[in-house]
Number of protein chains: 2
Amino acid sequence: MQLFFTPDLQTEIYTLDETESKHAVRVLRLNNGDELKLIDGIGNFYTAEITDANPKRCQIKVITKEAEFGKRKSYLHIAVAPTKNIDRLEWFLEKATEIGIDEITPILCEHSERKVIKDDRLEKVIVSAMKQSIKAYLPKLNPLTPFNELIATPFDGKKFIAHCYELDKRQLKNEIIQSPSNLILIGPEGDFSEREVEEALQSGCTPVTLGNSRLRTETAAIVACHTCNLILED
Amino acid sequence: MQLFFTPDLQTEIYTLDETESKHAVRVLRLNNGDELKLIDGIGNFYTAEITDANPKRCQIKVITKEAEFGKRKSYLHIAVAPTKNIDRLEWFLEKATEIGIDEITPILCEHSERKVIKDDRLEKVIVSAMKQSIKAYLPKLNPLTPFNELIATPFDGKKFIAHCYELDKRQLKNEIIQSPSNLILIGPEGDFSEREVEEALQSGCTPVTLGNSRLRTETAAIVACHTCNLILED
């Protein structure tokens with residue numbers, strides 16, 4: 001199924017932006033009267049038909065609207081330090097969007113090797129994964145945020161920090177049972193600093209382990225994401 | 001920690017191959033008396049010291065040997081159709097090795113767009129991931145196998161097929177509880193053919209779903225891999 005992203009759709013008659021118009025008319029060769037499916041990223045799934053197959057300003061008319069399409073039962077916010085190789089972060093964003101996530105915050109840590117990210121490029125990866133996996137909700141991507149700032153921000157749910165130090169840690173999979181809203185912090189290649197772990201614990205984070213394996217940053221993030229979905233969604 | 005792969009290590013005195021010798025002596029600048037860690041891919045984890053820092057034939061002496069290092073409690077065999085874009089299969093191999101897997105069989109299906117793979121390149125990805133995630137067991141990678149051949153091969157455990165047809169399916173996470181040995185079939189981008197699903201059911205495979213999300217081939221494979229590890233290993 002081919003989905004079109006229409007974030008600002010408010011009215012029955014709507015004009016696709018130039019990119020989506022070109023894709024519909026030139027690439028897919030859709031014409032007047034042809035049906036297409038639209039998502040707005042805030043939970044609405046539309047069936048519409050083309051009323052003017054203009055390759056730059058394709059006009060459509062909404063036929064049906066389904067609200068809260070594939071609405072999630074729980075809320076998952078993962079804060080992860082961007083990887084040195086940005087492909088690994090982009091891969092995480094694609095997979096997390098496919099599997100199920102609500103909010104992502106790239107965090108700047110003491111041991112972060114990467115200190116800059118291109119938000120617009122990362123946003124494109126998420127939109128593309130949302131369309132490909134037929135989801136009507138667009139995960140929220142926050143700008144790169146300093147670690148201290150993130151843990152100081154109030155969160156309405158349980159907060160966890162996954163680190164590799166030899167401290168007493170709980171199993172994430174056991175901690176999230178009965179917890180519908182979770183924030184999980186995943187550190188950079190060099191792990192969180194001891195100071196960061198200490199501050200996270202003071203701010204109410206529960207230290208957790210994701211299992212017995214030593215995982216790369218992006219693998220740990222996807223494992224945390226899937227653990228929450230497996231236990232709280234399916 | 002820097003690991004060296006010594007698959008044929010049998011004796012107390014051993015000579016690293018040219019690649020590992022160069023890495024130890026030229027790249028890491030290790031010298032006589034320096035300690036290093038070795039894995040043989042069949043469960044042994046060694047501590048050794050360099051006795052001759054030759055950049056082409058570095059000789060080492062084993063000091064300690066730990067058998068069954070990180071031995072898994074369950075057995076996981078995933079059979080997956082190689083993706084059109086081989087990077088996605090390589091990514092799965094890397095992640096599955098990190099998370100935990102015993103055997104992987106690339107399968108050739110009716111709807112497979114990719115009909116050729118480079119075994120040696122895929123093997124390199126697995127070895128690299130094994131070393132990076134500090135594992136002593138090398139997952140077994142089988143050659144590309146026709147679907148019919150695979151399902152005709154006897155398997156000592158439960159067999160599952162994850163497909164997208166609207167048939168009665170069980171949840172994989174519920175089916176594997178109490179099942180220490182599992183084979184899971186993951187189809188190509190175009191899914192398995194109806195005939196393949198029918199044949200799989202006749203050969204004793206249980207049809208399963210991996211959750212509510214529509215997942216890409218490599219995402220479905222990693223989700224299946226992590227589901228088994230989360231429930232049977234940690």
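Is B:E103 buried or exposed? I found B:E103 buried, at a relative accessible area of 12%, where buried means under 20% relative accessible area, exposed over 50% and partly exposed in between, with a 1.4 Å probe and protein chains only.

I noted that this is a predicted model, in which local features need pLDDT of at least 70 and side-chain atom pairs count only at pLDDT 80 or more, while totals for chains, interfaces and linings use all residues. Residues are numbered from 1 along each chain as its sequence is written, chains are lettered from A and ligands numbered from 1 in the order written, and side-chain values use heavy atoms, leaving out hydrogens and water.

I then looked up the partner of B:E103: B:K140 forms a salt bridge with B:E103, the closest N and O atoms being 4.0 Å apart, a salt bridge being a side-chain nitrogen of Lys or Arg within 4 Å of a carboxyl oxygen of Asp or Glu. B:K140 counts as partly exposed, at 48% relative accessibility.

Next I turned to the interface, where 28 residues of chain A are in contact (heavy atoms within 4.5 Å) with 28 residues of chain B. Eight salt bridges are counted between chain A and chain B. One of the pairs I looked up is B:R88 with A:E94, whose closest N and O atoms are 2.8 Å apart, and both residues are buried. B:K95 pairs with A:E218 at 2.6 Å between the closest N and O atoms, and both B:K95 and A:E218 are buried.
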